[in-house]
Amino acid sequence: MRDRIKNLLDKIEQVNIENAEQAEQFRLEFLSKKGELNNLFADFKNVLNEDKKEIGALINQLKEKGQAKYENLKEAFASNNAEEENKDDYTKPGYPYQLGALHPLMITRQSIISIFERIGFTVASGPEIEDDWHNFSALNFPENHPARDMQDTFFINEKFALRTHTSSVQVRLMENGKPPFRSLMPGRVYRNEAISARAHCFFHQVEGLYIDKNVSFADMKQTLLYFSKEMFGEQTKIRLRPSYFPFTEPSAEMDVSCFICNAKGCNVCKYSGWVEIMGCGMVDPAVLQNCGIDANQYSGFAFGMGIERIAMLKYRVNDLRLFSENDVRFLKQFQAADE
Ligand code: DAH
């Protein structure tokens with residue numbers, strides 16, 4: 001028995017293994033169920049009682065040596081394989097991997113949505129290529145309204161254009177559903193404008209629509225005040241200035257007290273203490289009727305805000321173009337902004 005153990009030990013130490021297949025062969029020969037080590041254990045019962053302690057210890061040592069050798073070989077060949085695979089593959093990303101981050105417009109969009117979700121608004125979307133009806137006519141735009149002009153709208157053909165605002169999604173929502181509505185509609189919009197620090201040919205809006213029985217202007221005001229405080233801080237005040245949109249009556253522009261200078265006056269609010277952030281109003285009964293909703297039973301409010309505008313104010317970005325240039329040095333700065 002002692003000789004068998006000694007022989008096996010020599011074999012295990014001397015065996016020459018160069019690849020994964022040979023390592024597997026080694027395992028089968030020595031360590032597997034039918035391998036030599038197990039044979040030794042099987043014959044152990046024939047060992048004389050007084051020798052059992054010594055022989056047992058020797059077999060165990062042998063087993064440990066064999067297993068250690070096999071584990072080492074396995075690891076060596078596995079990492080060799082990985083190196084082999086990585087060699088010369090220049091398409092693999094470099095190490096260390098750069099972590100991505102949410103785009104500042106996405107962060108802003110998500111904060112707006114989550115504020116309104118908390119008071120029961122759901123999210124809806126519509127197509128970026130729209131027909132005249134959904135983008136203009138159903139929203140009460142007069143036939144000769146300047147917004148339909150070639151200067152503002154990217155027409156695709158006689159029938160279709162790129163939507164100039166997300167208000168078109170209001171129409172689709174109302175046409176396809178039944179009141180009450182309480183929805184938020186974020187999306188990209190397009191306008192034929194010269195690109196500058198303050199204007200772009202595409203940008204993003206979030207539209208809101210609330211239609212139910214007995215909805216009043218006071219409901220709108222309270223909803224928008226809640227939003228503004230959540231978005232810009234508890235001390236934020238709002239003010240509504242009379243305005244005009246074809247699809248709302250009455251219409252207003254909403255300003256928030258400047259959260260940068262606490263309304264004391266700075267160059268962001270042009271020393272007025274107020275910054276404009278959205279258009280809003282009570283949905284014109286004609287629009288409700290256009291969408292098949294009984295304006296005698298239902299009323300509601302709508303609002304629309306530019307995501308870029310809010311992100312620029314929040315993060316003090318002074319050039320709109322930065323949002324679409326994909327300069328990593330710019331985008332990286334927002335990684336921790338909302339975390
Ligand atoms: N659609 C308007 C725009 O693009 C924004 C707007 C104003 C949307 C008033 C509304 C609203 O829903 O009620 O300038």
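**View 1. Helices H5 and H8 lie oblique to each other in this predicted model.** The axes of H5 and H8 come within 10 Å and cross at roughly 130 degrees, where axes are lines fitted to C-alpha atoms, for helices over the stretch in contact, and angles run from 0 to 180 degrees between N-to-C directions. Angles under 35 degrees count as roughly parallel, over 145 as roughly antiparallel, 65 to 115 as roughly perpendicular and the rest as oblique. The crossing of H5 and H8 is right-handed, the near helix being turned clockwise from the far one by less than a right angle (anticlockwise for left-handed). On the H5 side, Thr108, Ser111, Ile112, Ile115 and Phe116 meet Thr223, Tyr226, Phe227, Glu230 and Met231 of H8, contact meaning heavy atoms within 4.5 Å. The residues of this contact divide into six nonpolar, three polar and one charged (nonpolar: Ala, Val, Leu, Ile, Met, Phe, Trp, Tyr, Cys and Pro; charged: Asp, Glu, Lys and Arg; polar: the others, Gly among them). Helices (H or I, at least four residues) and strands (E, at least two) are DSSP runs, numbered from the N terminus.

Residues are numbered from 1 along each chain as its sequence is written, and side-chain values use heavy atoms, with hydrogens and water left out. As the model is predicted, local features need pLDDT of at least 70 and side-chain atom pairs count only at pLDDT 80 or more, whereas totals for chains, interfaces and linings use all residues.

**View 2. Helix H5 also packs against helix H10.** The axes of H5 (residues 104–117) and H10 (residues 307–315) are 9 Å apart, and the two helices pack at an angle of about 100 degrees, which means that H5 is roughly perpendicular to H10. From H5, Pro104, Leu105, Ile107, Thr108, Arg109 and Ile112 take part, and they meet Ile307, Glu308, Ile310, Ala311 and Tyr315 in H10. By residue class, the contact of H5 with H10 holds eight nonpolar, one polar and two charged residues.

**View 3. Helices H1 and H3 are roughly antiparallel.** Here the axes of H1 (residues 2–14) and H3 (residues 36–43) come within 11 Å, with a crossing angle of roughly 165 degrees, and the crossing is left-handed. Arg4, Ile5, Leu8 and Lys11 of H1 make the contact with Glu36, Asn39, Leu40 and Asp43 of H3. These residues divide into three nonpolar, one polar and four charged.

**View 4. Asparagine 214 and asparagine 326 have a positive phi.** Most residues other than glycine have a negative phi, and most peptide bonds are trans. Asparagine 214, with phi of about 55 degrees, lies in the loop between strand E5 (202–212) and helix H8 (217–232) and is exposed, with a relative accessible area of 73%. Asparagine 326 also has a phi of about 55 degrees; it is found in the loop between H10 and helix H11 (328–331) and counts as exposed at 53% relative accessibility. Buried means under 20% relative accessible area, exposed over 50%, and partly exposed in between (1.4 Å probe, protein chains only).
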